[in-house]
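Have a look at the fold before reading on.

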Amino acid sequence: MILLDLLNNFSLFALALENDLITLLQFPFMQRAIAGGILMGVWGGLLGSFVTLRQLSFFSHAVGHSALVGIVLGVLLQLNPTWMLLPFTLAFGLVVLYLIDQTNLASDNILNVVLSGTLAIGIILSSLVRGYRGGLMNVLFGDILAIDVTDLILTCVLILGGSIYLFSTLQQQILLTLNPAVAKVQGIPVQLHRYWFVVLLSLTVALATKAIGILLVNAFLVIPASAAKLLSHQFSRFLALSVIIGATSSIFGIVLSGLPLLNWPSGPSIVLVQFLIFLAVIGITKLKIPAT
């Protein structure tokens with residue numbers, strides 16, 4: 001009798017969940033969120049693969065935290081934060097890479113110094129914002145349900161341009177990733193590709209910040225690629241798995257965040273799904289299931 005009651009309650013819960021999901025999908029903001037989540041998940045998985053292999057995760061982490069300055073400047077100047085964020089993160093990424101090349105300090109030292117400085121500037125500037133600052137604080141955790149048509153267009157332009165660049169130079173990118181010294185000997189313009197990749201990474205972080213949040217944007221790029229790396233040692237399959245995990249986790253995270261029953265923040269919901277997938281992958285590898 002108790003088991004029957006539990007089954008009935010679960011059926012009612014599942015039915016309510018299904019009705020909530022169907023209702024949500026009828027709203028334009030949810031449709032834009034899912035479209036944006038899929039696009040960012042695919043692109044984040046692809047770019048994150050190179051970020052992981054090139055050990056640039058701390059670099060993307062620094063760029064993500066610097067985004068706070070760009071957003072606050074946009075608010076103070078009464079401009080769309082997205083239009084302020086794009087040039088600021090781009091300039092930040094290029095300046096940091098230039099400083100790394102021009103000093104004898106280790107890259108993580110430069111990143112720590114610049115990250116701390118820009119974060120301090122961002123916090124001080126945020127104190128100058130008058131009135132309600134709830135929307136400003138939302139950038140810490142993201143709100144993918146607030147994605148608008150402009151964000152989708154910018155994301156599509158970034159993905160199109162970035163994909164053309166990466167796939168037209170794929171062999172060079174692979175060699176640069178696996179052995180930069182050999183790539184330089186073979187005449188590949190290593191420095192040029194490094195700067196172009198930082199441009200892509202900075203713009204990606206800027207666009208993903210609105211959906212994922214400053215605190216979690218780095219995890220959004222790194223976790224799918226890390227899980228895919230555990231599952232496959234073949235480069236093409238590694239890229240494919242990273243893209244699949246990125247897109248799938250974005251969809252499930254958005255659905256979780258949009259359900260009235262849960263009402264979770266979008267950024268943490270997406271990263272939570274990614275984290276659970278990562279733990280599942282670790283469990284699979286521990287069971288000695290061979291990687292492809």
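Helix 10 supplies the largest share of the lining of the largest pocket, 5 residues. Keep in mind that this is a predicted model, where local features need pLDDT of at least 70 and side-chain atom pairs count only at pLDDT 80 or more, while totals for chains, interfaces and linings use all residues. Residues are numbered from 1 along each chain as its sequence is written, and side-chain values use heavy atoms, with hydrogens and water left out. Helices here are DSSP runs of H or I with at least four residues, numbered from the N terminus.

**The largest pocket**

- The volume of the largest pocket comes to about 490 Å³. A pocket is an open set of points on a 1 Å grid over the protein atoms alone, with protein on both sides within 12 Å along at least five of seven lines, and lining residues have an atom within 4 Å of a point. Grid points are joined across faces, edges and corners, and the volume is the space filled by probe spheres set on the points.
- There are 18 lining residues, and Arg54, Gln55, Leu56, Leu97 and Arg194 sit closest to the pocket's centre.
- Two or more lining residues come from each of helix 3 (57-76), helix 4 (81-102), helix 5 (107-126), helix 8 (170-178) and helix 10 (190-212).
- The lining splits into 11 nonpolar, 4 polar and 3 charged residues. Here Ala, Val, Leu, Ile, Met, Phe, Trp, Tyr, Cys and Pro count as nonpolar, Asp, Glu, Lys and Arg as charged, and the others, Gly among them, as polar.

**The cavity**

- The structure has 1 cavity of 30 Å³ or more, a cavity being a set of points where a 1.4 Å probe fits but cannot get out.
- The largest cavity has a volume of about 30 Å³, and its lining is made of Gly37, Met40, Ile144, Ala208, Ala211, Ile212, Phe220, Ser250 and Ile270.
- By class, the cavity lining has 7 nonpolar, 2 polar and no charged residues.

**Helix 11 and its partners**

- Helix 2 (residues 28-53) and helix 11 (residues 217-231) have axes that come within 7 Å and cross at roughly 70 degrees. Axes are lines fitted to C-alpha atoms, for helices over the stretch in contact, and angles run from 0 to 180 degrees between N-to-C directions.
- That makes helix 2 roughly perpendicular to helix 11 (the term covers 65 to 115 degrees).
- Met40, Gly41, Gly44, Gly48, Ser49, Thr52 and Leu53 of helix 2 make the contact with Phe220, Leu221, Val222, Ala225, Ser226 and Lys229 of helix 11; contact means heavy atoms within 4.5 Å.
- The residues of this contact comprise 6 nonpolar, 6 polar and 1 charged.
- Helix 3 packs on helix 11 at an angle of about 155 degrees, with the axes 8 Å apart, and is therefore roughly antiparallel to helix 11 (over 145 degrees).
- On the helix 3 side, Ser57, Ser60, His61 and Gly64 meet Val217, Asn218, Leu221 and Val222 of helix 11, giving 3 nonpolar, 5 polar and no charged residues.

**Helix 3 against helix 5**

- The axes of helix 3 and helix 5 come within 9 Å and cross at roughly 20 degrees, so the two helices are roughly parallel to each other (under 35 degrees).
- The residues of the contact between helix 3 and helix 5 divide into 14 nonpolar, 7 polar and 1 charged.
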